[in-house]
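Student: I have a structure open and would like to go through it with you. Can we start once it is on screen?
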Amino acid sequence: MSALVARTPGPFDVVRRGWRALTWYVTGVLGESDYQRYVAHLRRAHPDAAVPTVGEFWRDRYAAQDANPGARCC
Amino acid sequence: MRSPEHVELVRNNPDLPPVAVIDRRPMTTSKKLIFAAIGLVTAIAWALVAFVRGESVNGAYFVVAAVGTYVIAYRFYARLIEYKVVRPRDDRATPGEEHENGRDYAPTDRRVLFGHHFAAIAGAGPLVGPVLAAQMGYLPGTLWIIIGAVLAGCVQDYLVLWLSTRRRGRSLGQMIRDEMGSVGGAAGLIGVFVIMIIILAVLALVVVNALAESPWGVFSVGMTIPIALFMGVYLRYIRPGRVSEVSVIGVVLLVLAIVAGGWVADTTWGAETFTLDKVTVAWLIVGYGFLASVLPVWLLLAPRDYLSTFMKVGTIVLLAVGVIVAQPAVQAPAVSSFAIEGNGPAFAGSLFPFLFITIACGALSGFHALISSGTSPKLVEKESQLRLIGYGGMLTESFVAIMALVTAISIDQHLYFTMNAPATLTGGEPGTAADYVNGLGLAGPPATAADIQGAADSVGEESIVSRTGGAPTLAFGMSQILGSFLGGSAMTAFWYHFAIMFEALFILTTVDAGTRVARFMLSDTLGNLGGPLKKFRDPSWRVGAWICSIVVCGLWGAILLMGVTDPLGGINTLFPLFGIANQLLAAMALALVTVVVVKKGYLKWAWIPAVPLVWDLAVTMTASYQKIFSPEPSLGYWAQHNAFREARDAGETSFGTAADPAAMDAVIRNTFLQGTLSIVFALLVLIVALVALWVCVKAIRAGGLPTTEEPDAESATFAPSGLVTTDAEKEVAAQWTAYYEANPDKIRTGTHA
């Protein structure tokens, strides 16, 4: 399309991009985005497999931590 | 396609874009100038720290000296280790790529993984150790935290991470067994278990000392339990998966709990209900440790972890900003007389080896080897990122330790020793404490009882006399630094309890998780004995879990109660054991790394892990030797033991700091146990070190030996190496984006698919 308008990013865009980067980082470090990562992996690698709901995913996840605990540092 | 000179692009498959960028471009002139400038500024900051004396030493110099050294070390020394030892191959698939299952094996962005790894290694250790070490003055602690991290701690973390990444993320214990045989492996396993127990006991003791006789602290830290339970239920039944949302709610509730603690402590019923003595707090923590470790993870541990991560990062950032903005003047001397004479009240022993035992985490922490093997290796995208995660993560931890040290050395020296000398020396009252600290010959005007009581009132505590353990001192220093620019004196008490809260939060999470891990090690070992005990191998057998939890809590609880009731002052006698245990674990990890480096035939570069290993062995063996054989009762456990024994046999009813026969019996019992533990630790590490030496000699004779590294698997993906993506990496990343757009069916799936 020829009418591709190159708009200079305003301060609002900068704030929005910054916010997005922050939420991406925080959800990544806390593990909140692990569900999306798992679903994406299933769709890619096992397209026929049933996709668990968020609740099911976290139940399994905590059950796995119960069965195999990791140490925290001192 | 543009490929600059000295940049090599590696392809595994001619149809795919490159999987690795090998960048051998020399530094540009502008970069050289930048590093030269950083070096110059760092050198000036070091000179100011090392040679300027008196009031003019500014806390911010330490920050500049530390950060400058970290940058130079990361750019040059870590790079040398990368070239000569790690030799990362980005054309090789990491465990995360090869075994990707979207759960525990999942390639994760390097910056996210850095945050993850740092949150896992950072705990209360780097905050407490430097505070105690401040009794020796600021210079020894500063030098060891920075140099120790650069040459020892970061090297250990980086190389253990590398070993585990090449072995599908195996644990430290497994790797020791695989590389050094069953004797070394068994010694390693027992060592890890015993060390875990002592670490749990000492960390719990730090919490006990911070919460005893403090209704405000008991209330606000106690409130973390219902807050965590609420978060757990919220995440399971109300809004599953909304981790950051519930964490923000939790942090708001925590802050409310801190504020409310002040109100509750002001009421008569609140003060009556929540003023608890040390023994009661200790029993409550043992009970908590047991319950927490048998409750499901989702209900208590997981939400506490989220709170810890938030509070950890938030508080560390707050403290860093505080030190830079407030620029506190340093009150401590460069080197105190306690460093030379070894008669310090916070912990006994002279600079070598006890400074290096006391500042364990923050410079070299063996516990990190347990964290570096396991989780992070399964998440890393490329081997070349390990430098950022392992070496960089530990540099950040060292920075935290420097902040804690700056906080401690900016406290008035009289107040510092009032808080850190055991009650047998200070007498426990402001008046007697003032007499005691004024007799130490410290710099600055003498303290009066009114000064000491005033300091306690300013942070909303009944008393600050003999609040040993490091946590109250750090909280006191933080409240002064933060109060000086955030909220003034009205907020000082809030900041004090904020700091206590976040340390207690860390430690209680560690107690919970550590009890679980130790319980699993115990049940695994019992199960492997076979016969009727086989049942213990089943992790879903609840009775077995309870039995093992009771045993584990009983073990660390006994040591904790022993420390709490010790007439000699618990921290004074137990903290060295904690430090020795942690450094011995580091010796095991470094021995493993050295063995593998020698086996791989990199003999010329074996000094990189061997230098910290030899240093660490010298420190721990000297410390163990002194603790076992020193004739000085304040230093040697057995000398103390025998002195009290003889006094009892001679029919005396009070001796030294023990006022009655029961207290004398307590000392005799405690020193026996501490002396025995010292011997066990030293023997275990000697076994691992000797086995390591033997394997090294075998490997040198044979001109290298095979290791248990997993065979290569070809990588079919790309990711940048460092924190900042280079131009060459951007180019390759763009090729991959274009490739996936053109071939959406080819998006990586992991080879197990």
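Predicted model: local features only at pLDDT ≥ 70, side-chain atom pairs only at ≥ 80, totals over all residues.
Student: What is the radius of gyration of chain A, and what would a compact globule of 74 residues have?
Tutor: Chain A has 19 Å, whereas a compact globule of 74 residues would be near 11 Å. The C-alpha atoms of chain A fill a box of roughly 55 × 45 × 20 Å along the principal axes. Buried residues are 31% of the 74 in the chain.
Student: Which secondary structure elements are in chain B, and how many?
Tutor: There are 28 helices and two strands. Of the contacts in chain B with a separation of 6 or more, 81% are between residues 24 or more positions apart.
Student: New topic. What does the side chain of Glu100(B) make a polar contact with?
Tutor: With the side chain of Arg44(A), at 3.0 Å. Glu100(B) sits in the loop between helix H3 (95-98) and helix H4 (110-121) of chain B, while Arg44(A) belongs to helix H2 (residues 34-45) of chain A.
Student: Is Glu100(B) buried or exposed?
Tutor: Glu100(B) counts as buried because its relative accessibility is 4%, and the cut-off for buried is under 20%. Arg44(A) has a relative accessible area of 25%, so this residue is partly exposed.
Student: I also see a proline in helix H14 of chain B. Which peptide bond there is cis?
Tutor: The one from Phe352(B) to Pro353(B), with omega near 5°. Pro353(B) is found in H14 and is one of the buried residues of that helix.
Student: Why is H14(B) described as largely enclosed?
Tutor: Because six of the eight residues of the helix, which spans residues 351-358, are buried. Besides Pro353(B), they are Phe354(B), Leu355(B), Phe356(B), Ile357(B) and Thr358(B).
Student: What covers the buried residues of H14(B)?
Tutor: The cover includes helix H5 (125-133), helix H6 (138-165), helix H24 (570-599) and helix H25 (607-629) of chain B.
Student: Last topic, backbone angles. What is phi of Glu213(B)?
Tutor: Near 60°, a positive value in a residue other than glycine. Glu213(B) is in the loop between helix H7 (172-211) and helix H8 (215-238) of chain B, and is partly exposed at 40% relative accessible area.
Student: And what is phi of His6(B)?
Tutor: His6(B) has a positive phi of about 70°, although it is not a glycine. His6(B) lies in the segment before strand S1 (7-10) of chain B. Its relative accessibility is 44%, so His6(B) counts as partly exposed.

How values were computed:
Residues numbered from 1 in each chain as written. Chains lettered and ligands numbered in written order. Heavy atoms only, no water. Helix = DSSP H or I, 4+ residues; strand = E, 2+ residues; numbered from the N terminus. Contact = heavy atoms within 4.5 Å. Buried < 20%, exposed > 50% of the residue type's maximum accessible area, 1.4 Å probe, protein only. Polar contact = N/O pair within 3.5 Å; in protein donor to acceptor, adjacent residues only side chain to side chain. Rg over C-alpha atoms; globule rule 2.2 N^0.38 Å.
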